[in-house]
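Hi,

Here is the structure I promised to pass on.

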Amino acid sequence: MTIGVVAKLKIKAGQEAAFKEVFGALQAQVRANEPGCKQYDLFHSKKEPQVFVVMEQYASQADLDAHGKTAYFTAAGPKLFPLLDGMPSIEYSDKIS
C-alpha cells in the first residue's frame, strides 16, 4: 500500500534560499538512493511566501521507515531545523486507489 506524506514547513524570513539549497541536496539524495520513494517534491505556497510543502509517496511503510533512518536524512535535520519558524505540520495518509 502506498503511503503519502505531506509536510508543511514555515521558514524564517530571509532563510528561503538557504532552505531550498539544503532541501535540494536532500531531495537529490532521496531520488538517487530510495527506489521505494515514488515522490519527494517541494512546493512553495502561493498564499504564504514563507511556507513550503513537501509531498512524498512511499511504496510501503518499510520504505518510509528506511527513509527516516538514512544518513543523509538525519544529517539534513541539523541544517534544516534552524531555518524553520516553528515545528512542521506532518500528515500521513494511505493511498486508496
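Alanine 32 belongs to helix α1, residues 16–33 (helices are DSSP runs of H or I with at least four residues, strands are runs of E with at least two, and both are numbered from the N terminus). From the C-alpha of alanine 32 to that of alanine 76, 44 residues along the chain, the separation is 16 Å.

Before the rest, the ground rules. This is a predicted model, where local features need pLDDT of at least 70 and side-chain atom pairs count only at pLDDT 80 or more, while totals for chains, interfaces and linings use all residues. Numbering runs from 1 along each chain as its sequence is written, and side-chain values use heavy atoms, with hydrogens and water left out.

On to the strands. β1 and β3 run antiparallel and are joined by 8 bridges (strands pair if DSSP finds at least two bridges between them). β2 and β3 make a hairpin, with 6 residues between them. Within it, histidine 44 sits opposite phenylalanine 52, and glutamine 39 has glutamine 57 as its bridge partner. As for β3 itself, 6 of its 8 residues are buried, so the strand is largely enclosed by the rest of the structure.

Next, the inside. In soluble globular proteins, nonpolar side chains tend to be buried together. Here the largest nonpolar core has 21 residues, and Leu9, Phe19, Leu26, Tyr40 and Tyr58 have the most contacts inside it (a nonpolar core is a set of buried Ala, Val, Leu, Ile, Met, Phe, Trp, Tyr and Cys residues joined through side-chain atoms within 4.5 Å). Two or more residues each come from β1 (3–10), α1, β2 (37–44), β3 (51–58) and α3 (71–80). The largest share, 5 residues, is from α1.

Not counting residues up to four places away in sequence, tyrosine 40 touches Phe23, Leu26, Gln27, Val30, Arg31, Met55, Glu56, Tyr58, His67 and Phe73 (contact means heavy atoms within 4.5 Å).

Tyr40 turns up again at the largest pocket: 22 residues line this pocket, and those nearest its centre are Ala7, Tyr40, Glu56, Phe73 and Ile90. The elements giving two or more residues to the lining are β1, α1, β3, α2 (61–69), α3 and β4 (89–94). The largest share, 5 residues, comes from α3. By type, the lining has 17 nonpolar, 4 polar and 1 charged (Ala, Val, Leu, Ile, Met, Phe, Trp, Tyr, Cys and Pro count as nonpolar, Asp, Glu, Lys and Arg as charged, and the others, Gly among them, as polar). The space in the pocket is about 450 Å³, where a volume is the space filled by probe spheres set on the grid points, joined across faces, edges and corners. A pocket, on a 1 Å grid over the protein atoms alone, is an open set of points where a 1.4 Å probe fits, with protein on both sides within 12 Å along at least five of seven lines, and lining residues have an atom within 4 Å of a point.

Aspartate 41, in strand β2, is partly exposed because its relative accessible area is 22%. Beyond its neighbours within four places in sequence, aspartate 41 is in contact with Gln27, Arg31, Val53, Val54 and Met55. Glycine 24, in helix α1, counts as partly exposed at 28%, and its C-alpha is 9.5 Å from that of aspartate 41.

Leucine 83 is in the loop between α3 and β4. Leucine 83 is buried, with a relative accessible area of 8%. Leaving aside neighbours within four places in sequence, its contacts are Lys10, Ile11, Lys12, Gln15, Ala18 and Phe19.

Cheers

Key: Buried < 20%, exposed > 50% of the residue type's maximum accessible area, 1.4 Å probe, protein only.
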